[in-house]
Amino acid sequence: MATTGYVIKSLINLIKIPSIRYASGITFVPSQADPSHGEISRMNLCQAINNAIDIAMGSDSSTCLFGEDVAFGGVFRCTIGLQAKYGKDRVFNTPICEQGIAGFGIGLAVCGSTAIAEIQFADYIFPAFDQIVNEAAKYRYRSGNLFNCGKLTIRATWGAVGHGGLYHSQSPEAYFTHTPGLKVVVPRGPIQAKGLLLSCIRNENPCIFFEPKLLYRAAVEDVPIGDYETELEQAEVVKEGKDITVVSWGTQLHVALDAAKVVEEEIGVSCEVIDLRTILPWDIDTVAKSVQKTGHLIITHEAPITSGFAAEISTKVQERCFFHLEAPISRVCGWDTPFPHIFEPFYLPTKWRIIEAIKKLIDFQH
Amino acid sequence: MALKMYQNMVTLYQMDKILYDSQRQGRISFYLTNTGEEAAQIGSTAGLNDTDLIYGQYRETGSLLYRGFPLENFMHQCYGNAKDIGGGKQMPIHYGSSEHHFVTISSTLATQLPQAVGSAYAFKREKNGRIVLAYFGEGAASEGDAHGAMNMASTLKCPVIFFCRNNGYAISTPTTEQYGGDGIAGKAIGYGIHVIRVDGNDLIAVYNATKAARQIAMENEPVLIEAMTYRLGHHSTSDDSTTYRSNEEVNIWQQNDNPIARFRTVLQNKGWWNDEEDMAYRQKVQKEIMKAFLYAEKIPKPNILSMFDDVYKEMPKNLQEQRDELAEHLKNYGKYYPMKDFEGT
C-alpha cells in the first residue's frame, strides 16, 4: 500500500508547479482569522496541521503521532520537526500496514492515550476499513460505555491533486458517513484545518480528518499561532447570497466560490456558499435555513455522484424544505467512474459545470 | 490457588452446560461453550497479574470467571436484560468488564490483536508495570490483523503476550486447511518474537508458560504462546460439528485428554481434593448457576430508547430526533411490538 518515493516526489513537485497540472485550476480564497484568537503568522495548510499537532502534543503528554514515514517529517512534510521536539516514543514510524495502524491507534485510545494516526493517502484507508467501521465506531456502543476509543484521530491526505490517478485522488468520506459512531471532518484552509484538527484530537469520539492535499502548499493564510478550537458539527456560511445555496467542503469549496463569483458578475445571480466542514454528523440546520431563503440548492463534491454525500444532503433538505424549493436539488459531482489520470480535467466537477448547473436552476420552469 | 483454578474450571463447565441447554430450549438466542479449553483459559489468566489488560476473542469466558466476574453478570449479558453492564447491545457471550480489565469482546476475528499492541504501547509509556494479553484462535491467526499485530509488537517493542488457542478447528475448517507451516508458533521466529508451544490441556504447563512470558513481556519483548488443545463442543449453538468430524475423534479427546480430569488427578494425588468434595462442589455450583440464571431471566430488558445511547459520547441532534420519532411511533403502534418485555419508555 505504500507509495513509492518517486510518486510522492512527483506529487509534491506537482503542487509547486501548477502549470503542468492537467486538473482544472482552483483559486484559493483565504479566510480571515478570528481576531480574538490573537497573534497570527503566515502558514500554508501543511504548516497549520503541523502547528496543530505541535500544540496538541505540547498540551497532552499522552499524545502519540504515528504512521508510515511520519518520523522524518512525513511524505507531505506535515509532521516535520515533531520527532526531534517530542521524542521517538511519541512520534514514530509504523510498519506498512494500515489495518495495524488503525488497530494500534484504537488500542492506545482504549487505554486513555491520545492517538493521532496517519494514513498516507485516503485511497489507502480501505485496509483499515474494518478497524474503523466495525471497531472504532462501535467501541463505546457495544460495551455499554465500559470502553471507548474517543481519543483516536485518523488523519489522511484527501482529494484530487492534478495527476494522482486512481489511488492518489480519492474522496472516500461517503463510505464513512454511513457509519454511526464516527466523526468525519474536512477543512478548506489553514485557519480552519488547525482549529478543526485540534477539536478532533480533543473530541471524545473517534474522528477521521481528511486533509485536501492540493491545498497543502497552495493555501496560505494568516493563522493564529495560539491554541484554539473550531467547533465540530457546525457548517459555515462563507459567502452570503439570496438566490441559490451552494454547499460543499474541502478543495471544492473554492471551486464553488469561484463559480459564485462568475455568475454574480456575469448574470447577477447571488449565491450563498456554505462550507459543511463536518460531514458526519452534519449541520442540517444551517443548510436548511439557507435553502428556505434562496429556494435553490446545489451540492458539489469531487467524489462520484451515486451514493455520494450530496445524496444525503439532498434528501434531508427536500424533507425539511419541501415548500420552499423552487427547483429540483442539483448535484455537481465526480462521475461514476474510478478517478482517471489523463482525463482529470473532464472528471472533476469544475466551476464551469457548477456555473451551468446554476444557470439551469435559475431558468427552471415549473 | 490450585483449588481456585480447578473450581473455576468446573464452574465454567457447568455454566456452559446450563447455558447451552437453555439456548436449545430457546431461552437465550445464542451460546458458545468452552469445553476442552478450560485449562488454556484459566491457567493463562492465573499466570497474569489481576490488573494486566486482557483482550479476548470469545472463547475465554474462564478468564473473566477467574478474575471474579459475578455469575449473574454472565447471565445478564446472555439475556441482554436491564442489568447487563454492556447495555444489552451485543449477542450473548460478548462479555466485557472494565473493573476486571477485560476488554469487551466483539465478533470480528483478530481485530483485538493490533489493539492489544496499542494498549501495550500505552502501558510501556506509562511505565505502570502492566502488560497486555490477547487471546485468539488458530483460525483468527490467518487474518491480516494477526500479521499486522505481531509485526508491530516486534518493531515497536511492546509488553504484550499473544495467546493462541489452537483447538484444531475453525468452525468446520481443520488446521490442515488453515495453514501449511508449523502451526502458529512457527510464525513467531519470522517476526522476531519469543515463542513457546504448550500442552493446552495441562493447566500447570499453561500457567508456567504464561508466568514466564509475563516476565519477558515486562522487558518490552512480545511473546507468543501456542496452547495445543481440542474443541470438544460444537463451534457454537448454530453449528453441528458431527457433520465434519467423527464422534470417535471427539471421544478420544474427551476420555484421554480432558483438562479438568487431568488436573483433578493432580489435586487428588496431592491429597488436596477428594471425590466427596468434588461431588459437593459440583452440586453447589450448579445451584448457584441455576439461581443466577433464573434471576436473570426475570429481569426485564433495558429501556427501549437506550438503544440510542453511547453511539457517541454525547447524543447528536439527528439521533435525538430519531429517538423521539421511535417514541412517537411506539405511542401509536406499540401494540405490535414486544413492549412488555422492556422497561418503560
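Predicted model: local features only at pLDDT ≥ 70, side-chain atom pairs only at ≥ 80, totals over all residues.
View 1. Domain 1 of chain A brings 28 residues to the contact, and domain 2 of chain A brings 24 residues. About 2000 Å² is buried between domain 1 and domain 2 of chain A, and carbon and sulfur atoms account for 60% of that area. On the domain 1 side of chain A, the greatest losses of area to domain 2 fall on Ala160(A), Thr177(A) and Arg188(A), which together make up 27% of what that side buries.

**View 2. Polar and charged links between the domains of chain A.** Two salt bridges are found across the interface of domain 1 and domain 2 of chain A. Twelve residue pairs, with both members at pLDDT 80 or more, are in polar contact between domain 1 and domain 2 of chain A. Helix 7 (173–177), strand 6 (183–185) and helix 8 (190–202) of chain A are the elements that each supply two or more residues to the domain 1 side of this contact. Helix 7 of chain A gives the most to that side, with four residues. By class, the domain 1 side of chain A that touches domain 2 consists of 15 nonpolar, ten polar and three charged residues.

**View 3. The salt bridge of Arg188(A) and Asp275(A).** The closest N and O atoms of Arg188(A) and Asp275(A) are 2.8 Å apart, and the two residues form a salt bridge. The count of salt bridges over all chains is 39. Arg188(A) sits in the loop between strand 6 and helix 8 of chain A, while Asp275(A) belongs to strand 11 (residues 271–275) of chain A; the pair thus joins distant parts of the chain, 87 residues apart. Arg188(A) is also among the residues of domain 1 of chain A that lose the most area to domain 2.

**View 4. The interface of chain B and chain A.** Chain B contributes 44 residues to the contact and chain A contributes 49 residues. The area buried between chain B and chain A is about 3600 Å², with 58% given by carbon and sulfur atoms. Three salt bridges cross the interface of chain B and chain A. In one salt bridge, Asp285(A) pairs with Lys317(B), and the closest N and O atoms are 2.2 Å apart. Between chain B and chain A, 24 residue pairs are in polar contact, both residues being at pLDDT 80 or more.

**View 5. The chain B side of the contact with chain A.** Polar contacts between chain B and chain A number 24 residue pairs (both at pLDDT 80 or more). Two or more residues on the chain B side come from each of strand 1 (53–55), strand 2 (102–103), helix 5 (112–126), helix 6 (144–155) and helix 12 (317–333) of chain B. Helix 5 of chain B gives the most to this side, with ten residues. The side of chain B that touches chain A divides into 16 nonpolar, 18 polar and ten charged residues.

**View 6. Domains and annotated spans.** Chain B is assigned domain 1 (1–298) and domain 2 (304–341), with C-alpha centres 36 Å apart. In an unreviewed entry, UniProt places "domain: Dehydrogenase E1 component" at residues 8–304 of chain B. That span of chain B is 46% helix and 11% strand, and its end C-alpha atoms lie 35 Å apart. For chain A, UniProt lists "domain: Transketolase-like pyrimidine-binding" (unreviewed entry) at residues 43–218. Residues 43–218 of chain A are 38% helix and 17% strand, with end C-alpha atoms 10 Å apart.

**View 7. Backbone geometry at two loops.** Most residues other than glycine have a negative phi, and most peptide bonds are trans. The peptide bond from Leu280(A) to Pro281(A) is cis, with omega near -15°. Pro281(A) lies in the loop between strand 12 (278–280) and helix 11 (284–294) of chain A. In chain B, Ala110(B) has a positive phi of about 75° although this residue is not a glycine. Ala110(B) is located in the loop between strand 2 and helix 5 of chain B.

Note on methods
Residues numbered from 1 in each chain as written. Chains lettered and ligands numbered in written order. Heavy atoms only, no water. Contact = heavy atoms within 4.5 Å. Buried area = accessible area lost by both parts, 1.4 Å probe. Salt bridge = Lys/Arg side-chain N within 4 Å of Asp/Glu carboxyl O. Polar contact = N/O pair within 3.5 Å; in protein donor to acceptor, adjacent residues only side chain to side chain. Nonpolar A, V, L, I, M, F, W, Y, C, P; charged D, E, K, R; others polar. Domains from an automatic or database assignment. UniProt positions renumbered as here; feature names shortened; annotations may be inferred.
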